[in-house]
Structures are given as structure tokens and as C-alpha cells.
Amino acid sequence: MVKIESKKLVVLINKFGAELKSVVNKESGIEYIWPGLEGSFKKSAPNLFPFIGNILKGEIDYPLGKNERVVLPMTKHGFARDLDYEILEITETTAKFELKPNHYTKERYPYNFSLIVEYIIDEDTLHHNYLVKNNDVVEMYYHIGGHTAFYCNYNGDKNFEDYYLEFKEESCKMYKIDEANNSFLADVPENITVSEKIVLSKEMFAKDALVFDGLKNTTIKLKHSKSNHGVEFTFENLPVLTLWTNTDSSKFICLEPWAGITDFTNGTNKVEDKKEIQKLNTNEQKKYSQIMKFY
């Protein structure tokens, strides 16, 4: 594990997957990140790249320029969460990792990419940044996003209903899992108004994740009704927000901001036609951020 810290927080990151594994408040001793040691979700905060969610037919059709195309297999949420990264920089308050193409990735994704995952602590705030760069001679298509599982266990209180999410009330679209094909999203979203306060319950996720599109406010808060502790969570350049937890006894809520979205039942495997697809020209790069303030 790589350790970085400030006067207020101790953070642990696994070089495998460049995955955030622990954020502990030095004063209260609260662990904010799900350790992944029980239940069926064995990860803590996987980084999702180059695609998000389930993939139609388990394969993607890519353009390679000059009227060439290639079809390659792709698994759910991509491969970045399951590979070892190179360490670029470690300081007391910063950790930076990089994933580049190798034989394994080239059999699944045709482009010459660089994915840098960076963690920076500033007192009580952790910046979790992605920098994606196209090192190829053709346009590069991809999705990217986070999947941080926040542990609902403050001061030993594992009652899931004692935790809630605080939004600014606004209208947006919500996609639901297609009941006829529960691996993919239904094509038509529901227009909803997000409440200011959403009390967590396992029943909310009986039909899997809640996928919000079009939120103008990009800061939400996870709060504990029996203490003053919580997390303020801000996301940048990540237009889709997904909420998810297991329906087993695991006590966590995943806040997943995505530049991308899982495939739709009537979707396509042509990469350029996928919703929220990201595109970079040769030598172009783009930054995406998750900012977490712990208290």
C-alpha cells in the first residue's frame, strides 16, 4: 500500500488498480472507505476505464482511420481496475500512478493511451484526479469514471438508514435498469425531481443502481443523522451520477460520477455512437476530478 497523509487524514492506495483503499480521520478514527472484506463487493473504489457498465454482446467496434475498423472483447467496467500501475510520484501528500498499453490491453482496446490517476491531500480534502491522454495517431474513444464505496460505519453505527444524501433539489433524468434485460439500461429515461434529502435504504436498490443524468449541481453530501461526520463529494467533467449498493448486509453507498454510461438495451456496439462517449485527438488530454472533503 502507498500511504499519504495530512494533519487530519491518513490515506492508503493500492498500486494494483491505483485504488483508494482507506481514508481515516486522525482525530475521530472514522474509516470513510469500504474495506471490501465482506459481502460480495470486494473492492473499495475501482477506477473505471476505458468503458463503464455492461457491454452489449461483450464487444466493441472501433474505428482505426482510413475506413478500417476492429471489433474487440470488453468486460464490464473495463480493465483499468484490474491491472498494476506504474508509480510516477510519491510525496507526503501526493501519489501519482500511470497505466499504459500492454499486451493484455491491446487485445481488448486498440488505442495507445495514457491514464494517470492522482491523489492529493489538502488538510481534510482528498483530490482524486484522472488525466487521460491520446498518444495514438487516430482519434481515441473511451469512458471514464469513479466507483467509490463510502463506509456507513461511523462510531460503530452500521444502521444504513442512519445515513442520508443531501442534494440541491433540481430536475434531471433518471435511467432505470431494463426489467426485461437487467444487464442494460432502458432506453427512455424518467424525468424526476431529486429531493434535497435522500435517506438511504436497501430497498432503494432492489432493482440495482440509480443513474442520474443532467444534474446541474455537482456537489452532494453523505451525512450521518447521529453525528456531525460525513463527506462532501464534488465531481468535475463527469456528467452522469450513479448511486449503488449491494442488497446484502454490506454497509456502504457508492457515489459513482461517470463520463460514460452503461449500454442500453437497444444500443450499439459502435464506440462512436455510445452515449456520453469521450473523444480525444492525437496528443490531446483531458482531466476529470472527484473531490472529497471529510469531516
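Is Asn 129 buried or exposed, and what is its relative accessible area? Asn 129 is buried, at a relative accessible area of 6% (buried means under 20%, exposed over 50%, partly exposed in between, with a 1.4 Å probe and protein chains only).

A quick word on the model: it is predicted, so local features need pLDDT of at least 70 and side-chain atom pairs count only at pLDDT 80 or more, while totals for chains, interfaces and linings use all residues. Residues are numbered from 1 along each chain as its sequence is written, and side-chain values use heavy atoms, with hydrogens and water left out.

Back to Asn 129, which sits in strand β9 (residues 125-134). Strands here are DSSP runs of E, at least two residues, numbered from the N terminus. Its side chain makes a polar contact with the side chain of Ser 289 at 2.8 Å (a pair of N or O atoms within 3.5 Å; within protein, one must be able to donate a hydrogen and the other to accept it, and residues adjacent in sequence count only if both atoms are side-chain atoms).

Now for the backbone. Most residues other than glycine have a negative phi, and most peptide bonds are trans.

Asn 237 is partly exposed, with a relative accessible area of 47%. There's also a cis peptide bond joining Phe 49 and Pro 50, with omega about 5 degrees. Pro 50 is in the loop between β3 (19-25) and β4 (59-65).

How values were computed. Helix = DSSP H or I, 4+ residues; strand = E, 2+ residues; numbered from the N terminus.
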